[in-house]
Structures are given as C-alpha cells and as structure tokens.
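The exercises below go through a protein model one topic at a time. Each task is followed by a worked solution.

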Amino acid sequence: MGMKGKVALGAVVGIVVIGAVSANAGDGNSGSGSGDKGTSASGERTTGGEKEKAAEAAEKKAAFAGDGDFQVGTDVKPGTYRTTGNTDGMCYWERAKDSSGEMDSLLANDNVTGTSYVTIKATDKLFSSSGCKDWEAVDEKAKGSPGSTMSGDGGMFRVGVDIAPGTYKSTGNTDDSCYWERTKDAEHGLESITANNNVTGSAVVTISASDVYFKTTGCQDWKKSG
C-alpha cells in the first residue's frame, strides 16, 4: 500500500500512552476464529507424536506469506494469525476496509519486532503484510506451557499460553524506549488496550489472567517477580 505502510497510524508504534494520540487505530469489536485447516499430506495411520506432527502440518497449510496483499474471504479467511522471528521492526502489516490504498481505508497497522498476533475480521476487506515471516493460523483454544520470563523486545505474548499471568519486572531501560501493553484482543484498536506505558529505568507490570496478550518492545528482558 505504498511507503505510508512503514509508519504505524498516528505515530511510531508504541510511543504513545493511553490518553494521548493512539499509535494504532481500529474498531473495538472483538473478533475470533481460526484459519482454514488443511488436510494432512499423508494418508498413513498416525499415533501419538505422529498425530501431533500431522495436525501441525495441516495447520501450517492455513498460513499465508509474509509479503503481499490478501483479500479477506478469498486469499485469507477471517481468524487470528501469528508471525514470529521478525527483526529490526522491518515487518509491517495492516488491516484495511477496502483496497483503495488511502489512509482512510486503514483499520489497524503495526511495525513488528519479534512476534505479532493479528485478528482479521470478516468485515475486513484486505490484509497487507510486508517484510514479515510467514503467518500461521492460531488455534484460540490451544494450551501451552507458559513461561515466567520473556524477551523485552519479543513483541506479543499470549497470556496463559506463551507467558504466565503475574507481576513482571524489567530493569535498566533508557531513553523512554521501553514500551509495554496489556490487551484484551489482537485487533490492535485503541479499544483493545487495557493499559500501556513508556518506561525509563525499572518497569513493573502485573499481567492479569483476564488479559489475552502482552506486548513489549524496546525493553530489557522481563522476569516474573510475583
């Protein structure tokens, strides 16, 4: 969608705190769903770990590339998707209400370092991605083994799956470049944000079990302290 696509709506991503201008824009309705699950490439019987591998391979078929414009409902189905392993903030994505390429068509966008989760709604018309690793469909009912530490520049973590609820601390942050955000969904609208902050020095935040995602960029690593 042109060079404008390298800057998040309103300001550089993550530099604005609630109460000021939003770093992202979007509608406030919660979205849900998962991508289309393909069929296993193998017709052989599978058991135990092989079943898990076959299921994972089938889920991978729902992914789409990290570069391109995708029509919602045709090229990509509504649902929640994840991209991982992005570096230097060069991954950019946007949800749009049409394919005009105009600023008014943008619903939400972001520049990503690390991981990003995005919910594409059935009412979206176009999803664009540039410089990102491939996107994978997310099973919103999946469970994980949540950790108690996270990279301060790791992007988005799913609460209860990637990271455990609790109180976390990040120390040694400089120049107000550490930004964190607690969110209730992956739509990336202002209404999605439960709380956020820019931090110099030490940062302490309590991630609630009711939070859905936690986002961190430009911070020192976080450790669970309570």
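Is Phe-127 buried or exposed? Phe-127 has a relative accessibility of 1% and therefore counts as buried. Buried stands for under 20% relative accessible area, exposed for over 50%, and partly exposed for what lies in between, with a 1.4 Å probe and protein chains only.

The model is predicted, so local features need pLDDT of at least 70 and side-chain atom pairs count only at pLDDT 80 or more, while totals for chains, interfaces and linings use all residues. Residues are numbered from 1 along each chain as its sequence is written, and side-chain values use heavy atoms, leaving out hydrogens and water.

**Exercise 1. Aromatic pairs**

Task: Find how many aromatic pairs there are, and work through two of them.

Solution. 

Step 1. Start with the rule: rings of Phe, Tyr and Trp (its six-membered ring) pair if their centres lie within 6.5 Å; planes under 30 degrees apart are stacked, over 60 edge-to-face, and the rest tilted. The count by this rule is nine aromatic pairs.

Step 2. Take Phe-64 and Trp-135. Their ring centres are 6.1 Å apart and their planes are at 10°, so this pair is stacked.

Step 3. Helices (H or I, at least four residues) and strands (E, at least two) are DSSP runs numbered from the N terminus. Phe-64 is in the loop between helix 1 (49-60) and strand 1 (68-71), and Trp-135 is in the loop between strand 4 (126-130) and strand 5 (136-137), so the pair ties together parts 71 residues apart in sequence. Phe-64 is buried at a relative accessible area of 8%, and Trp-135 is buried at 0%.

Step 4. Turn to Trp-93 and Phe-127. Here the ring centres are 6.0 Å apart with planes at 15°, so this pair is stacked. Trp-93 belongs to strand 2 (residues 79-96) and Phe-127 to strand 4, so parts 34 residues apart in sequence are tied together. Trp-93 is buried, with a relative accessible area of 0%.

Step 5. Join the residues. Phe-64, Trp-135, Trp-93 and Phe-127 are among the members of one aromatic cluster, which also includes Phe-70 and Tyr-81.

**Exercise 2. The surroundings of Tyr-92**

Task: With which side chains does the side chain of Tyr-92 make polar contacts?

Solution. 

Step 1. Tyr-92 is placed in strand 2 and is buried, with a relative accessible area of 4%.

Step 2. A polar contact is a pair of N or O atoms within 3.5 Å; within protein, one must be able to donate a hydrogen and the other to accept it, and residues adjacent in sequence count only if both atoms are side-chain atoms. The side chain of Tyr-92 makes such a contact with the side chain of Glu-94 at 2.5 Å and with that of Asn-109 at 2.9 Å.

Step 3. Look along the chain as well. Tyr-92 and Asp-110 are 18 residues apart along the chain, and their C-alpha atoms are separated by 5.8 Å.

**Exercise 3. Nonpolar cores**

Solution. 

Step 1. A nonpolar core is a set of buried Ala, Val, Leu, Ile, Met, Phe, Trp, Tyr and Cys residues joined through side-chain atoms within 4.5 Å. The largest one has 16 residues, and those with the most contacts inside it include Ile-207, Phe-214 and Trp-222.

Step 2. Strand 8 (166-183) and strand 9 (193-207) each supply at least two residues of this core. Strand 9 gives the largest share, five residues.

Step 3. Apart from this core lies another one of 15 residues, among them Val-76, Trp-93, Ile-120 and Ala-137.

**Exercise 4. Disulfides**

Task: How many disulfides are there, and which cysteines form them?

Solution. 

Step 1. With a disulfide taken as a pair of cysteine sulfur atoms within 2.5 Å, the count is two.

Step 2. One joins Cys-91 to Cys-132, S to S 2.0 Å, and is right-handed with 85° about the S-S bond. Cys-91 is in strand 2 and Cys-132 in the loop between strand 4 and strand 5, 41 residues apart.

Step 3. Cys-178 and Cys-219 form a disulfide with sulfur atoms 2.0 Å apart. Cys-178 is in strand 8 and Cys-219 in the loop between strand 10 (213-217) and strand 11 (222-224), so parts 41 residues apart in sequence are tied together.

Step 4. With the bonded cysteines of the protein chain numbered in sequence order, the pairing reads 1-2, 3-4.
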